[in-house]
Amino acid sequence: MHRTGDLYGQFKTLEQQKDSASLGMWIFLVTEVMFFGGIMLAYTVNRHAYFHAFAMGSNTLDLPLGGFNTAVLIASSFTMAMAVWSAQTGKKKLLSLFLALTILLGFVFFGVKYIEYAQKFHHHLVPGKSFDISYCVNNPSKCEDLKPEELAVEREEIAQALAADPDLNSHAQLYYSAYFGMTGLHALHMVIGAGLLLWLLRQSFAGRFTPQWNTPVDLVGLYWHFVDIVWIYLFPLLYLIDRHK
Amino acid sequence: MAEHQHPEHIVHPGTYLAIIISLLILTGLTVYAAYVNLGKYNIVVALAIATLKATLVVLFFMHAKYSPRRTQLVIISGLFWLALLLFMTLSDYISRVDYRGAQFPLSQVTRHWIRQSS
């Protein structure tokens, strides 16, 4: 990436130079669409084949936390869009502020995700030897964060799901593999995004970005919004299966 | 030459504010819709809302509405490749009678069709 804002020889205008950079970023994002698309395809095939287990797994996720994180990511996309606007209009202090806010919201997302992941480890819902979809129902004293009435509902749901799918426990692991795989890869993208934002923030403090040259802010913005879009799909796919019972 | 001389389009912050509010409302709507029993259409509604949200992000936050035509073409072609991936693979799975003992929604129809034709 050129870092000076000078016009390079192969371009006629700065405008054309910037359009080319953003075109390249979009081509990269198309490869990312195919990357996540393949994973979502695998999810779809398994969800169709083992719907009861997927619905059971989805109902053990913490919907308020997931919904809150969705709002956090949408807000971070807004602050990112405002950062790009600040760069385009030459508001250098606002640019640093909005970049910092975007990073902060990203870390709020990580914090909530940590709480959710830790809960799944405590509840024996991580695929592997100790995975047990009925663990909390059978050991209520070990799952103190779940209320007795919630556990009563879960007990009934598991009984129903077991009647429909005797192999519920192994199929629920497929759901949780999809959950950790998809949210994990999404979180990895966010870690990379947060790193890029910190890199932008350092340059922004140095006052490098001007209305004439702010290509890196623009391109990291495209990446950050893309990661937001992935979550926009992950949220209903993972958290909202068969919630209406 | 003339194509590249238009000044950069700057989206007004008011537009961004309208988009974030729409996105938050649509998030609430998708959670509400998940608690209404729509049978097999729950997933259709959930994906329709998600796609609407994604479209808003792409058009306004990512400036696709104001991008050059060739950038828009790349975005559309990306969606086309994704559609190919999903459509061709799922049309294979959906037309199988059984997949690991679990039946796909259309398998009843397929099974009937196979009986008819053999």
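In chain A, A:Leu95, A:Ser96, A:Leu99, A:Ala100, A:Thr102, A:Ile103, A:Gly106, A:Phe109 and A:Lys113 of H4(A) meet A:Thr183, A:Ala187, A:Met190, A:Gly193, A:Ala194, A:Leu197, A:Leu198, A:Leu200, A:Leu201, A:Ser204 and A:Phe205 of H7(A). Two residues are in contact if their C-beta atoms, placed from the backbone, lie within 7 Å. Sorted by class, the residues of this contact are 13 nonpolar, six polar and one charged. Here Ala, Val, Leu, Ile, Met, Phe, Trp, Tyr, Cys and Pro count as nonpolar, Asp, Glu, Lys and Arg as charged, and the others, Gly among them, as polar.

This is a predicted model, in which local features need pLDDT of at least 70, side-chain atom pairs count only at pLDDT 80 or more, and totals for chains, interfaces and linings use all residues. Residues are numbered from 1 along each chain as its sequence is written, while chains are lettered from A and ligands numbered from 1 in the order in which they are written.

**Confidence and elements**

The pLDDT is the predictor's confidence in each residue, from 0 to 100. Chain A has a mean pLDDT of 94, with 98% of its residues at 70 or more. Within chain A, confidence is highest in H4(A), at 98, and lowest in helix H6 (residues 148–164), at a mean of 93.

Helices (H or I, at least four residues) and strands (E, at least two) are DSSP runs, numbered from the N terminus. Chain A has eight helices and zero strands, and chain B has four helices and zero strands. The C-alpha trace of chain A spans about 70 × 35 × 30 Å along its principal axes.

Of the 245 residues of chain A, 40% are buried; in chain B, buried residues make up 18% of the 118 residues. A residue is buried if 20 or more other C-beta atoms lie within 10 Å of its own, exposed if 12 or fewer, and partly exposed in between, with C-beta atoms placed from the backbone. Among contacts with a separation of 6 or more, residues 24 or more positions apart account for 77% in chain A and for 32% in chain B.

Two packed helices are described by the angle between their axes and the distance between the axes. Axes are lines fitted to C-alpha atoms, for helices over the stretch in contact, and angles run from 0 to 180 degrees between N-to-C directions.

| Helix pair | Angle | Axis distance |
|---|---|---|
| H4(A) and H7(A) | about 155° | 9 Å |
| H7(A) and H8(A) | about 160° | 10 Å |

Angles under 35 degrees count as roughly parallel, over 145 as roughly antiparallel, 65 to 115 as roughly perpendicular and the rest as oblique. H4(A) and H7(A) are therefore roughly antiparallel, and so are H7(A) and H8(A).

H4(A) passes H7(A) in a left-handed crossing, and the crossing of H7(A) and H8(A) is left-handed too. A crossing is left-handed if the near helix is turned anticlockwise from the far one by less than a right angle, and right-handed if clockwise.

Residues of H7(A) that meet H8(A) include A:Tyr179, A:His186 and A:His189, and those of H8(A) include A:Trp224 and A:Trp231. This contact has 16 nonpolar, four polar and no charged residues.

**Contact between the chains**

Chain A puts 42 residues in contact with 43 residues of chain B. On the side of chain A that touches chain B, helix H1 (14–49), helix H3 (63–88) and helix H8 (215–239) each supply at least two residues. The largest share, 17 residues, comes from H1(A). By class, that side of chain A has 23 nonpolar, 14 polar and five charged residues.
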